[in-house]
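Please look over the sequence and the model before turning to the points below.

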Amino acid sequence: QVQLVESGGGLVQPGGSLRLSCAASGTYLSINHMGWYRQAPGKQRELVASITRDGRTDYADSMKGRFTISRINAKNTVYLQMNDLKPEDTATYFCNGGIILTSGVYDPAWGQGTQVTVSS
């Protein structure tokens, strides 16, 4: 029913920047919060940043000042601008959305992930 599709990952040198995008498609009433998580090999998935429908943001401490999350509600899209990337930022980045289905049921949807590799 609902799909979240990420794009924008890739290989970047330390200190570089990337912008991730995540677009929602399908049939639903609305999207509450949207967020980005990441998972490195051998590690647990962790929150990177989240944003509410009215634009309130929250960041993991290690991303504050380097990453910026934003969204365009009319496009059902959330973005993650990542600056000053470090090798430890290497991970698969996943989009998450708090979807309200037409039935009224809350569906925490996930994207398939996009790989970010920071290496010289």
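A polar contact is a pair of N or O atoms within 3.5 Å; within protein, one must be able to donate a hydrogen and the other to accept it, and residues adjacent in sequence count only if both atoms are side-chain atoms. The model is predicted: local features need pLDDT of at least 70, side-chain atom pairs count only at pLDDT 80 or more, and totals for chains, interfaces and linings use all residues. Residues are numbered from 1 along each chain as its sequence is written, and side-chain values use heavy atoms, with hydrogens and water left out.

**Aspartate 54**

- The side chain of aspartate 54 makes a polar contact of 2.4 Å with the side chain of threonine 52.
- The side chain of arginine 56 is also joined to that of aspartate 54 by a polar contact, at 3.2 Å.
- Aspartate 54 is found in the loop between β5 (46–51) and β6 (57–59); strands are DSSP runs (E, at least two residues), numbered from the N terminus.
- Aspartate 54 counts as exposed because its relative accessibility is 59%, the term meaning over 50%, whereas buried means under 20% and partly exposed in between (1.4 Å probe, protein chains only).

**The disulfide**

- The structure holds 1 disulfide, defined as a pair of cysteine sulfur atoms within 2.5 Å.
- Cysteine 22 and cysteine 95 form this disulfide, with their sulfur atoms 2.1 Å apart.
- The pair links distant parts of the chain, 73 residues apart: cysteine 22 in strand β3 (residues 18–26) and cysteine 95 in strand β9 (residues 91–100).
- The torsion about the S-S bond of cysteine 22 and cysteine 95 is about -80°, so the disulfide is left-handed.
- Cysteine 22 and cysteine 95 are both buried.

Technical notes: Helix = DSSP H or I, 4+ residues; strand = E, 2+ residues; numbered from the N terminus.
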